[in-house]
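Keep the structure open beside you as you read.

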Amino acid sequence: MHIAAPDALRATFLPPTLDPKSSPKAETPEQTPFVRGEDDRHTVDPNDIQQDGYGSCAVLSTLHTIAQHDPSVIQNMIQDNGDGTYTVTFQEKVEILGFAFFKPVEVTVSGLFTGGAANPADVGANGEEVWPAIIEAAYAQQYKDGDLTYETGVMPADVMEHILGAKAQTAGTDEVSAEQMRGRLADGEATVAWTPSFKDGDGNWLPEITEEQQALIEHYGIAGGHAYAVSEVIPAGTSYVDPTTGESVVANEDVVVLDNPWGSSDVVMPYSGYQEVYGWVSSAATE
């Protein structure tokens, strides 16, 4: 599969279609960084993430995978200042005399998070949970010149480094086997896979997308120019629940689980098909 170089995709990460119910309300409820929901394994849980109208999928997919492996990283990033503002700590790479290291940088954001920001998650006594939107806003302020809508997108590896303070690696999906991917996930690495654009501005397939790829994209409902958190690789011969039917099936080959930051339209597909359709995968240690 011939696809554009990763740098060409910075502008392709697309938001989901806006839902009318996500539009700003006349009265916005109180908001708070963290709420422990009934089904949450931790106060910071991957199910808290639901991308809305902004093109911030790389940021939110990275938060999703970090929340899966080490939620304390995210909880420790946010300080509630008690006055409607929040201070978020990122990590920035510094090179001195040929040596590279990361240093913390603090970014303060304020205001209610509605109308395109990541949707609020659980609701508690202090209001709606909005930690994904807080980090989304702080990242845009620090690294997007204040472009809250993420019109030009970002790279998952950059987000990983700014959040984890660890070097991230990016490779073509055909360079990382299913066994290697399982190893990365077992080691607690934050892992995000992303797709190139599939269609032009008029909705026509790009010439480099083959008919075989088109069939996979349509069958599994894969979004082009989009980032997904890699959550699991199911080995061949293992039983799993088919998300389309809800039935238990046995994997004929290795199967990959890709969580969509929209909070819906996750992808569960054969690893070989994933390597055909997805372009690159980025990962970094969470510990």
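Two strands pair if DSSP finds at least two bridges between them. Helices (H or I, at least four residues) and strands (E, at least two) are DSSP runs, numbered from the N terminus. By way of background, strands of a sheet pair through backbone hydrogen bonds, either parallel or antiparallel. What you see is a predicted model, in which local features need pLDDT of at least 70, side-chain atom pairs count only at pLDDT 80 or more, and totals for chains, interfaces and linings use all residues. Residues are numbered from 1 along each chain as its sequence is written, and side-chain values use heavy atoms, with hydrogens and water left out.

Start with strand 8 (residues 189–194) and strand 14 (residues 280–285), which run antiparallel and are joined by 6 bridges. Here Trp194 stands opposite Trp280 of strand 14. Both strands belong to an open sheet of 6 strands, with antiparallel pairing and the order 7-14-8-9-12-13. Its edges are strand 7 (169–172) and strand 13, each of which pairs on one side only. From one strand to the next, the twist averages 30°; axes are lines fitted to C-alpha atoms, for helices over the stretch in contact, and angles run from 0 to 180 degrees between N-to-C directions.

Helices pack on this sheet too. Helix 1 (residues 57–69) touches strand 8, strand 9 (227–234) and strand 12 (255–259), and its direction makes about 35° with that of strand 9. Contact here means heavy atoms within 4.5 Å. Helix 4 (residues 156–164) packs on the sheet as well, touching strand 7, strand 8 and strand 14, at about 10° to the direction of strand 14.

How enclosed is helix 4? Of its 9 residues, 8 are buried, so helix 4 is largely enclosed by the rest of the structure. Buried means under 20% relative accessible area, exposed over 50%, and partly exposed in between (1.4 Å probe, protein chains only). Among the buried residues are Glu161 and His162. Gly165 follows helix 4 and has a positive phi, near 65°.

Now look at the loop between helix 3 (131–143) and helix 4, where you will find Asp145. Asp145 is not a glycine, yet its phi is positive, about 55°. Tyr150 lies in the loop between helix 3 and helix 4, and its phi is a positive value near 55°. Asp145 is exposed, with a relative accessible area of 81%, whereas Tyr150 is buried at 1%.

Back in the sheet, 5 of the 5 residues of strand 12 are buried, so strand 12 is largely enclosed by the rest of the structure. Val255, Val257 and Asp259 cover one side, and Val256 and Leu258 the other. Strand 12 is joined to strand 9 by 5 bridges and to strand 13 by 4. Val256 is the bridge partner of Val233 and also of Met269 in strand 13.

Tyr220, Tyr240, Asp242, Val268 and Met269 are the closest to its centre among 17 lining residues. Strand 13 gives the largest share of that lining, 4 residues.

On a 1 Å grid over the protein atoms alone, a pocket is an open set of points where a 1.4 Å probe fits, with protein on both sides within 12 Å along at least five of seven lines, and lining residues have an atom within 4 Å of a point.
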